[in-house]
Amino acid sequence: MLNTEDKFQEIYEKYKNLVMKVAFDMTGDFHIAQDICQETFLKLYGFQNDLDETRVKSWLMVVTANLIRDRFRKTNRRKEVLDEFQEVADRGEEVNCIDAYLDQLDRQDLKHRMLEGLRKRNPNWYEVFILVEYLDVPRKVIAKQKGIALSTVDSYLKKSMKWLKEHYQKEYDEL
C-alpha cells in the first residue's frame with residue numbers, strides 16, 4: 001500500500017530517473033520520455049492504494065512500456081493519415097492540409113473548453129471524469145481512493161457526460 005503522499009513522493013524520487021531512462025531509451029526523444037514519465041506516475045497515483053509496495057518497480061516498468069507502445073500506435077496512425085494525404089496528392093487531387101490542421105486545432109480548443117467548463121461546474125465530476133476517461137483508473141479504485149461509493153463515482157460520470165452533452169453537443173456536431 002502506497003497510501004500516503006510522503007510514500008508516493010519517496011517512490012517517485014526513487015524511480016523517476018529509471019522511468020525516464022527507460023522511456024528515453026525506447027523513444028529516443030527527451031520530451032516524449034518526460035511525457036511518458038509523467039503519465040506513468042499519474043497512473044501510479046491513481047492505483048497507489050491497491051499496489052503492493054514490493055511490486056512497484058515492475059509495475060512502473062510495465063506501465064512505462066505500455067504507454068510507449070500506445071504512443072507508437074498513435075504515431076503510426078498519424079503516419080497512415082499522412083500517407084493517405086500523399087497518395088491523394090500523388091494522384092493530382094487537391095489536399096487541403098491547412099483545413100485539416102485548422103479542424104484539428106478547433107477540436108483541441110473545444111476539448112480544452114469542455115474540460116475547463118466541467119472543472120468549473122463541479123470539481124468532483126471533473127476529477128472522476130479525468131481519472132476514468134483519460135488515465136484509465138478503474139472506477140472501483142477511484143471509489144476506494146476517494147472514500148465514496150461506486151454508485152457515486154458512476155453518478156459523477158453520468159452527470160458529467162450529461163452536462164457536457166447539454167452544453168457542448170451542438171458545437172461538437174458542427175465540427
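Tutor: Let us begin with E166, which has a relative accessibility of 54% and counts as exposed; please keep in mind that this is a predicted model.

Student: Why is E166 called exposed?

Tutor: The word exposed is used for a relative accessible area over 50%, and because E166 stands at 54%, it counts as exposed. K162 is also at 54% relative accessibility, so K162 counts as exposed.

Student: What makes E166 and K162 a salt bridge?

Tutor: A side-chain nitrogen of Lys or Arg has to lie within 4 Å of a carboxyl oxygen of Asp or Glu, and the closest N and O atoms of E166 and K162 are 4.0 Å apart, so the pair is called a salt bridge. Both residues lie in helix α7, four residues apart, which is about one turn of the helix.

Student: How do you know that E171 and R113 form a salt bridge?

Tutor: Their closest N and O atoms are 2.3 Å apart, and because the cut-off is within 4 Å, the pair meets it. This pair links distant parts of the chain, with E171 in helix α7 and R113 in helix α4, 58 residues apart.

Student: Why is E171 called partly exposed?

Tutor: Partly exposed covers values between the 20% below which a residue is buried and the 50% above which it is exposed, and E171 has a relative accessible area of 30%, so the term partly exposed applies. R113, at 30% relative accessibility, therefore counts as partly exposed too.

Conventions: Residues numbered from 1 in each chain as written. Predicted model: local features only at pLDDT ≥ 70, side-chain atom pairs only at ≥ 80, totals over all residues. Heavy atoms only, no water. Helix = DSSP H or I, 4+ residues; strand = E, 2+ residues; numbered from the N terminus. Buried < 20%, exposed > 50% of the residue type's maximum accessible area, 1.4 Å probe, protein only.
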